[in-house]
Amino acid sequence: MTYLHTDPALNARDEPTARERELIDAVDSLLAAADPAGIVRDKAQWYLGPALEGEDRLELALPLGWDREVALRALLTSGAFTVGWGGELGESPLVEVFGAVAPSLVEMSGAVGAELSRELRVSPRRRFFGGAAELHLRGDGGWSDLLRGGTPSRAPDLKRASRQATLRTG
């Protein structure tokens with residue numbers, strides 16, 4: 001099953017570069033192995049963003065199936081690579097968890113794989129304000145509240161975050 005799809009209506013270019021194609025294929029393989037339960041499903045997409053000042057831009061958006069507002073995002077430009085959570089198309093992730101200048105394909109896919117391996121807790125969407133009311137990521141030091149800049153999660157906030165998932169089982 002293919003997990004990453006392109007949306008031609010949103011793409012500024014027709015074809016990815018060779019390096020972009022390698023990353024798309026690597027993340028697609030990661031998802032095929034890491035998401036047997038289909039939490040991401042076929043909602044993950046890649047976009048070839050506008051060339052800003054002559055720079056190529058690939059964005060990978062891996063939204064969780066139960067809340068499209070909560071997504072793992074990867075951005076690759078000719079100079080840098082970033083992995084993070086949340087944010088809008090064409091912008092940096094809301095919370096950046098990995099960044100590197102000219103990393104190898106192994107480093108890039110490793111960063112995405114590490115994020116897929118984390119436990120995540122999310123509350124139902126806020127209807128009035130939009131987006132997830134709570135988004136917590138489990139790390140070495142406990143839970144981090146990603147919607148509050150990666151600060152430590154408070155117990156009442158974790159209690160509201162009733163949906164829990166681990167995308168990567170192996």
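Trainee: Which residues does Asp157 touch, not counting residues up to four places away in sequence?

Mentor: This is a predicted model, where local features need pLDDT of at least 70, side-chain atom pairs count only at pLDDT 80 or more, and totals for chains, interfaces and linings use all residues. Residues are numbered from 1 along each chain as its sequence is written, and side-chain values use heavy atoms, with hydrogens and water left out. With contact meaning heavy atoms within 4.5 Å, the residues that Asp157 touches are Glu134, His136, Asp145 and Arg148.

Trainee: Is Asp157 buried or exposed?

Mentor: Asp157 sits in helix α3, residues 155-160 (a DSSP run of H or I, at least four residues, numbered from the N terminus). Buried means under 20% relative accessible area with a 1.4 Å probe, protein chains only. The area of Asp157 is 1%, so Asp157 is buried.

Trainee: Which side chain makes a polar contact with the side chain of Asp157?

Mentor: Here we look for a pair of N or O atoms within 3.5 Å, one able to donate a hydrogen and the other to accept it; residues adjacent in sequence count only if both atoms are side-chain atoms. At 2.3 Å, the partner of Asp157 is Arg160.

Trainee: What is the relative accessible area of Val112?

Mentor: Val112 belongs to helix α2. Leaving aside neighbours within four places in sequence, its contacts are Val27, Leu30, Leu72, Ala74, Phe81 and Val83. Val112 is buried because its relative accessible area is 3%.

Terms used: Helices (H or I, at least four residues) and strands (E, at least two) are DSSP runs, numbered from the N terminus. Buried means under 20% relative accessible area, exposed over 50%, partly exposed in between (1.4 Å probe, protein chains only).
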